[in-house]
Amino acid sequence: MTVSVPLDARAGGPDLARGIALLGIALANLVGWLHGSAWTVLLKQQDASAADRVVDVLLALLVDNRGFPLFALLFGYGIGVLRRRSLECGERTGRFLRRMLRRHLVLLAIGLAHAILLFSGDILVGYAVIGMLCALLMTRGRVVLAAAAIVTLPALGVWGWVDGTVGLGGGSGYAAASAADYLAGVGIRAPDALHGLMLAPIEEIGLLSPMALGALMARGALLEDVPAHRRRLGRLARWGFAIGLVGAVPLAAVLVLDPAHARLDAEIVLGILGALHQVSGLAGAVGLAAAAALLAARWDPRPAARAPGADGGLTAAPAATTTATTTATTTATASATGPPPAGARGPLGAAVRAVEALGAVSLSAYLAQSVLCLLLFPPYTLDLGAQLGSAGASALVLAGWLLMLPPAVLLRRSGRRGPMEHVLRALAGSSTPRTPRTPRTADAHRARGGTR
């Protein structure tokens, strides 16, 4: 018999990073709700006020093209954890892939509903389609997965090219953002969502780069076994942040110096700056994920670290009740970690654990953020999308994110998962192999990091 991993046994680092990514995605998605002002780079408003421009620059440096690669990396990390558990349980590759297909199909359905009913900038459809490809590549070995991460990296640059040159096209907001009523918005979003589904294997292939990178990181429990990887995580955090920040500066400068493209209107230059902004965002995402793992371990109030494999993200699956690997790793980690740090139960520690709790219900929180924006920004609700700039809209989104923390903490304390997590698990199933067996030679070889 197998059981799901208790919420208090989840790895804190991935959940903390996921909770932070939720805020980043919500802030970045504001460009899909604000309308009525001509776009400049990164879909920001050309005629922004001084306060709005300050926020725009901060978002360009820290959030835009950084939040969604982080979420994609963590999504791939979850797939890697699922594969690791699968091999530990002796599950056949075919059964693993069938389980992954079922889970991703359910996630795809949720994403389509979200894209049609709530928000045209949905990410779940792309994550479901490309995530299944990542799961397939995960069974082919480390070299294939690494090659996929490298080969698909230029596709991220294509998205960045669009972000750099979008101000030359004269757009002033997404059509659904200014729809006269809700049904009109649905009528706009529905064909866009279906069109996006058809082209997802091509248009969203750039997601495979951060997903595959996350899956590779999960093979060695990089974000879970912090004591064993502390130095590596420290280097990734420092270099990731530095590269992400430096790569974002040129396009952020355009926001300040020439948002109307009065002087800089060369598409190739803006496109290159956009591609640099996008690709460097992946490095920034890696840095933030590493920093989150270190921070979560630093403020963990428990003396024993969580067992590797206790996190699976949006596609989380159960782990075996007991395995020799988990028991040994938990014991070793507990002795290496030592007593909880001083202040772990203080305000900062409580804040860290609150964001972790939100990250554990990331699917529910992601959809809840869209519901909140739908109530605030369209013309048929409060119409704030035409009245506010980046500063005011960001303040509202930040307030909504903060308000989700207490319910997430209550769910964590009661041992309950989020409502959409329950839906995903109920429809997709959450069982692992019922009868462990000795892994086949090829599967055992891949479990140790080999390739076919």
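Modeller: Helices here are DSSP runs of H or I with at least four residues, and strands are runs of E with at least two, numbered from the N terminus. This is a predicted model, where local features need pLDDT of at least 70, side-chain atom pairs count only at pLDDT 80 or more, and totals for chains, interfaces and linings use all residues. Residues are numbered from 1 along each chain as its sequence is written, and side-chain values use heavy atoms, with hydrogens and water left out.

Colleague: Where is Leu43, and is Leu43 buried or exposed?

Modeller: Leu43 sits in the loop between helix 1 and helix 2 (50-62). Leu43 counts as buried because its relative accessibility is 12%; buried means under 20% relative accessible area, exposed over 50%, and partly exposed in between, with a 1.4 Å probe and protein chains only. Leu43 also has a positive phi of about 60 degrees, although it is not a glycine.

Colleague: What about the phi of Asp383?

Modeller: Positive, at about 55 degrees, and Asp383 is not a glycine. Asp383 belongs to the loop between helix 14 (362-376) and helix 15 (390-413), and is partly exposed, with a relative accessible area of 23%.

Colleague: Which residues lie nearest the centre of the largest pocket?

Modeller: Ser120, Gly121, Asp122, Tyr174 and Glu204, out of 42 lining residues. Helix 8 gives the most to that lining, with nine residues. The lining of the largest pocket has 25 nonpolar, ten polar and seven charged residues, counting Ala, Val, Leu, Ile, Met, Phe, Trp, Tyr, Cys and Pro as nonpolar, Asp, Glu, Lys and Arg as charged, and the others, Gly among them, as polar.

Colleague: And how many cavities of 30 Å³ or more does the structure hold?

Modeller: Six. The second largest cavity has a volume of about 110 Å³. Leu43 comes back here: Val31, Leu34, Leu43, Lys44 and Ser390 lie nearest the centre of that cavity, among its 14 lining residues.

Colleague: Now packing. Which residues touch the most other members of the largest nonpolar core?

Modeller: Tyr127 and Leu358, in a core of 98 residues. Helix 3 gives the most to this core, with eleven residues. A nonpolar core is a set of buried Ala, Val, Leu, Ile, Met, Phe, Trp, Tyr and Cys residues joined through side-chain atoms within 4.5 Å.

Colleague: What does Leu358 touch?

Modeller: Leu22, Ala365, Trp401, Met404, Leu405 and Ala408, leaving aside residues up to four places away in sequence. Contact means heavy atoms within 4.5 Å.

Colleague: Last one. Which side chain does Arg18 have a polar contact with?

Modeller: Asp15, at 2.8 Å. A polar contact is a pair of N or O atoms within 3.5 Å; within protein, one must be able to donate a hydrogen and the other to accept it, and residues adjacent in sequence count only if both atoms are side-chain atoms. Arg18 is in helix 1 and counts as buried, at 2% relative accessibility.

Notes. On a 1 Å grid over the protein atoms alone, a cavity is a set of points where a 1.4 Å probe fits but cannot get out, and a pocket is an open set with protein on both sides within 12 Å along at least five of seven lines; lining residues have an atom within 4 Å of a point. Grid points are joined across faces, edges and corners, and a volume is the space filled by probe spheres set on the points.
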